Amino acid sequence: RLGRRGRQRVDAASGGGMIDMTYDDALGILRCVSRGSTPIAELELFAQKAVSLQARARALHGRCLILVDASETAVHTQETAAAFSALAESKTQPGDRSAIIMHSAIAKLQSQRMAPKDATGYFTNEKDALAWLLADPATP
């Protein structure tokens with residue numbers, strides 16, 4: 001469904017679940033909010049729904065920008081961490097970037113092992129995360 005300002009809301013799991021997604025056509029940003037620990041089945045559903053939004057972003061903007069609010073996300077199980085890592089590796093294309101908002105130092109260390117290093121930034125607030133995402137990657 002399209003909402004305000006061209007945003008399309010997609011629930012990753014029936015009943016809301018632990019990951020919610022919205023897509024902002026104007027900015028070309030896929031916004032994800034993750035809460036708690038994510039079961040593998042929900043991660044797989046999230047990945048399926050994200051594929052079409054990533055393709056849309058690449059078609060419209062030439063890249064996929066993802067803003068993840070993981071400020072309420074716990075450390076994942078090894079199985080879930082491995083699944084997230086495989087997902088990030090298989091779905092990230094040149095030019096894509098992800099900004100992750102998180103507060104837990106332990107969760108950040110785990111995430112840094114799962115995400116593509118050169119295409120991921122870590123932040124404590126949305127303002128800085130958005131500024132980095134929307135900045136020209138060639139600018140230091």
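This is a predicted model: local features need pLDDT of at least 70, side-chain atom pairs count only at pLDDT 80 or more; totals for chains, interfaces and linings use all residues.

Q: How does the chain cross from β4 to β5?
A: Through helix α2 (residues 78-91), in a right-handed β-α-β crossover.

Q: Which residue in β5 is the bridge partner of Leu65?
A: That's Arg97. Leu65 also stands opposite Ile29.

Q: OK, and how many bridges join β3 to β4?
A: There are 6, and β3 (residues 29-35) runs parallel to β4. Here the chain goes through helix α1 (residues 40-61), and this β-α-β crossover is right-handed.

Q: Switching to rings: how many aromatic pairs are there in the whole structure?
A: A search finds 1. The partners are Phe123 and Trp132, with ring centres 5.6 Å apart.

Q: Why is that pair called tilted?
A: The planes of Phe123 and Trp132 are at 45°, so the pair is tilted. Stacked needs planes under 30 degrees apart, and edge-to-face needs over 60.

Q: Is Phe123 buried or exposed?
A: Buried, because its relative accessible area is 15% and the cut-off for buried is under 20%. Trp132 is partly exposed, at 24%.

Q: What sits over the ring of Trp132?
A: The charged end of Arg97, 3.9 Å from the ring centre. That's the β5 residue that has Leu65 as a bridge partner.

Technical notes. Residues are numbered from 1 along each chain as its sequence is written. Side-chain values use heavy atoms; hydrogens and water are left out. Two strands pair if DSSP finds at least two bridges between them. Helices (H or I, at least four residues) and strands (E, at least two) are DSSP runs, numbered from the N terminus. A crossover is right-handed if, with the strands pointing away from the viewer, the path from the first strand over the helix to the second runs clockwise. Rings of Phe, Tyr and Trp (its six-membered ring) pair if their centres lie within 6.5 Å; planes under 30 degrees apart count as stacked, over 60 as edge-to-face and the rest as tilted. Buried means under 20% relative accessible area, exposed over 50%, partly exposed in between (1.4 Å probe, protein chains only). A charge sits over a ring if NZ of Lys or CZ of Arg is within 6 Å of the ring centre and within 35 degrees of the ring normal.
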